[in-house]
Amino acid sequence: MKIIADTGKCVGAGQCVLTDPDLFDQSEDDGTVLVLNAEPEGEEAEENARTAVHICPGQALSLA
């Protein structure tokens with residue numbers, strides 16, 4: 001699994017960071033998503049990544 005972020009679509013809502021701060025952060029410049037760990041390992045981290053993709057209001061996250 002790999003997390004892909006499209007910062008052009010990101011609205012800076014921060015829902016991904018709230019889902020898993022070990023996987024996501026926000027840019028201090030514009031609040032857009034920063035992926036801290038693009039290839040999460042373990043069941044919990046993978047499930048958190050799926051949740052973040054699902055709840056992202058800008059649909060800026062996807063999984064490959």
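Select Ser27 to begin: leaving aside neighbours within four places in sequence, Ser27 is in contact (heavy atoms within 4.5 Å) with Thr32 and Leu34. The model is predicted, so that local features need pLDDT of at least 70 and side-chain atom pairs count only at pLDDT 80 or more, while totals for chains, interfaces and linings use all residues. Residues are numbered from 1 along each chain as its sequence is written, and side-chain values use heavy atoms, with hydrogens and water left out.

**The loop between S2 and S3**

Ser27 is placed in the loop between S2 and S3; strands here are DSSP runs of E with at least two residues, helices are DSSP runs of H or I with at least four, and both are numbered from the N terminus. Ser27 counts as buried because its relative accessibility is 16%, where buried means under 20% relative accessible area, exposed over 50%, and partly exposed in between (1.4 Å probe, protein chains only). Display the side chain of Ser27 together with the backbone of Asp29: a polar atom of that side chain lies 3.1 Å from the backbone nitrogen of Asp29.

Select Thr32 next, in the loop between S2 and strand S3 (33-35). Is Thr32 buried or exposed? Thr32 counts as buried, because its relative accessibility is 11%. The side chains of Thr32 and Asp30 are joined by a polar contact of 2.8 Å. Such a contact is a pair of N or O atoms within 3.5 Å; within protein, one must be able to donate a hydrogen and the other to accept it, and residues adjacent in sequence count only if both atoms are side-chain atoms. Not counting residues up to four places away in sequence, Thr32 touches Thr7, Cys10, Asp25, Gln26 and Ser27.

Asp25 is partly exposed because its relative accessible area is 36%. With residues up to four places away in sequence not counted, Asp25 touches Val17, Thr32, Val33, Leu34 and Leu36. A C-alpha to C-alpha distance drawn from Asp25 to Gly14 reads 7.9 Å, for a separation of 11 residues in sequence. Val17, in turn, touches Phe24, Asp25 and Gln26, again not counting residues up to four places away in sequence.

Now select Val35, in strand S3. Its relative accessibility is 29%, and Val35 therefore counts as partly exposed. Which residues does Val35 touch, not counting residues up to four places away in sequence? They are Ile3, Ala5, Leu23 and Phe24.

Ile4 is placed in strand S1 (residues 3-5) and is partly exposed, because its relative accessible area is 39%. Not counting residues up to four places away in sequence, Ile4 touches Ala60, Leu61, Ser62 and Ala64. The C-alpha atoms of Ile4 and Ala38 are 7.1 Å apart, although the two residues are separated by 34 residues along the chain.

Go on to Val53, in helix H2. Val53 is in contact with Leu61, Ser62 and Leu63, leaving aside its neighbours within four places in sequence. Between H2 and strand S4 (61-63) runs a loop that holds Gln59. Gln59 counts as exposed, because its relative accessibility is 62%. Check its backbone: phi of Gln59 is near 50°, a positive value in a residue other than glycine. Most residues other than glycine have a negative phi.

**The nonpolar core**

Select Ile3, Cys10, Cys16, Val17, Leu23, Phe24, Val33, Ala49, Ala52, Cys56, Ala60 and Leu61, the 12 residues of the largest nonpolar core. Helix H1 (15-19) and helix H2 (43-55) each supply at least two residues of this core. A nonpolar core is a set of buried Ala, Val, Leu, Ile, Met, Phe, Trp, Tyr and Cys residues joined through side-chain atoms within 4.5 Å.

**The cavity**

Finish inside the protein. How many cavities of 30 Å³ or more are there? The count comes to one. A cavity is a set of points, on a 1 Å grid over the protein atoms alone, where a 1.4 Å probe fits but cannot get out; lining residues have an atom within 4 Å of a point. The volume of the largest cavity is about 100 Å³, taken as the space filled by probe spheres set on the points. Its lining has 16 residues, with Cys10, Ala13, Gly14, Cys16 and Cys56 nearest its centre. The lining divides into nine nonpolar, seven polar and no charged residues. In this division Ala, Val, Leu, Ile, Met, Phe, Trp, Tyr, Cys and Pro count as nonpolar, Asp, Glu, Lys and Arg as charged, and the others, Gly among them, as polar.

Notes:
1 Å grid on protein atoms, 1.4 Å probe; cavity = no way out; pocket = protein on both sides within 12 Å on 5 of 7 lines; lining within 4 Å.
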